[in-house]
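Dear colleague,

Please find below the structure that I am handing over to you. A short account of the findings follows it.

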Amino acid sequence: MKQSVIRFAFLATVALLAANLSAQTLKPNQTLGFGQSEVLTFTYTQNFDCIDQPFDDLDFNGVTAAKDPNELQIPICQVGINPTINPPGMTGSPYKTTEPIYVLVPMFSADNDQNPNDAISCTNVVPGTLCGSALGAELIKLFGALPEGFKATPLVYTQCPEPGSAAGTCTMHSSRLDLAPVLAQLGFTGPPTSNVFVPTPNHSHVVLAIDTNVTPIWWQVIPVLVTSQADWPAKDGSSGITSFDKLEAAKSAGSAIIAPSNFFLFFSSYTASSHAAGNHSMQMN
């Protein structure tokens with residue numbers, strides 16, 4: 001009995017050290033994530049893809065992409081739409097063909113921030129992106145305070161931007177999102193007539209239980225607007241939305257709003273414990 005307790009304590013310590021080591025030694029193409037209330041490591045092995053199908057009109061100019069070369073010159077990563085194909089070319093809703101990565105965005109303000117200058121700055125953003133004080137003022141008008149997701153220095157822990165990187169960025173991600181469709185769906189605006197590009201928000205990630213250890217695959221980004229600070233995940237995964245079950249509970253309680261997107265990422269996922277044990281046999285879904 002005593003040996004079992006000692007062994008359990010040893011394994012728990014190894015797992016904790018592995019998790020801490022993983023967080024401290026992330027490679028430039030890695031971020032952390034959550035799954036089954038564990039901290040995961042994601043390794044990105046190619047760039048993102050935002051699907052623009054021939055009969056889409058993602059820039060809202062009344063001309064479909066097949067006849068509008070200008071629409072294809074910049075990535076238009078939109079929240080609130082769901083394509084009928086995924087990057088490998090498999091047809092059908094990505095909800096059925098592609099594993100989901102739930103991207104948690106803190107849409108609450110921990111300090112009721114009313115200063116628009118606290119928003120992600122315009123430094124190095126793509127021209128045409130709403131940023132800086134203009135972004136802050138618009139978000140305060142829509143949400144009553146500046147959300148942590150769009151602060152240059154958020155007051156809550158997020159997994160992106162990864163350590164040492166600038167707000168509004170994350171490795172191998174798009175540097176901005178178009179919120180026009182989802183703002184219309186939430187009733188903040190009328191039908192979209194132009195793109196509303198904003199910097200990629202500060203965010204964390206959650207995957208399904210079966211996806212905690214997988215080799216590199218395409219994932220559909222499913223944005224989740226988290227409106228309650230009580231649901232925000234702790235850095236060590238000990239509380240908050242750190243599993244799909246907890247996400248579903250928050251959704252049912254009305255504090256998590258889930259939307260589709262045409263945004264896809266390509267990465268592998270593994271748990272700290274499996275990596276520490278040398279278990280590299282990851283399942284493919």
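What share of the contacts in the chain with a separation of 6 or more comes from residues 24 or more positions apart? Such residues account for 74% of these contacts, a contact being heavy atoms within 4.5 Å.

Please note that this is a predicted model, in which local features need pLDDT of at least 70 and side-chain atom pairs count only at pLDDT 80 or more, while totals for chains, interfaces and linings use all residues. Residues are numbered from 1 along each chain as its sequence is written, and side-chain values use heavy atoms, leaving out hydrogens and water.

The chain contains six helices and ten strands; these are DSSP runs numbered from the N terminus, with at least four residues (H or I) for a helix and at least two (E) for a strand. Of its 285 residues, 46% are buried, that is, under 20% relative accessible area with a 1.4 Å probe, protein chains only. The chain exposes about 13400 Å², of which carbon and sulfur atoms supply 58%; the areas come from the Shrake-Rupley method.

I would draw your attention to strand β8 (residues 214–226). Eleven of its 13 residues are buried, so the strand is largely enclosed by the rest of the structure. Strands count as paired if DSSP finds at least two bridges between them. β8 has these pairings:

- With strand β4 (residues 99–106), parallel over eight bridges; P100 lies opposite Q220 in β8.
- With strand β10 (residues 263–271), antiparallel over five bridges; W218 faces F266 in β10.
- With strand β9 (residues 256–258), antiparallel over three bridges; L225 is opposite I257 in β9.

Yours sincerely

Methods:
Buried < 20%, exposed > 50% of the residue type's maximum accessible area, 1.4 Å probe, protein only. Areas by Shrake-Rupley, 256 points an atom, 1.4 Å probe, with all protein chains shown as cover.
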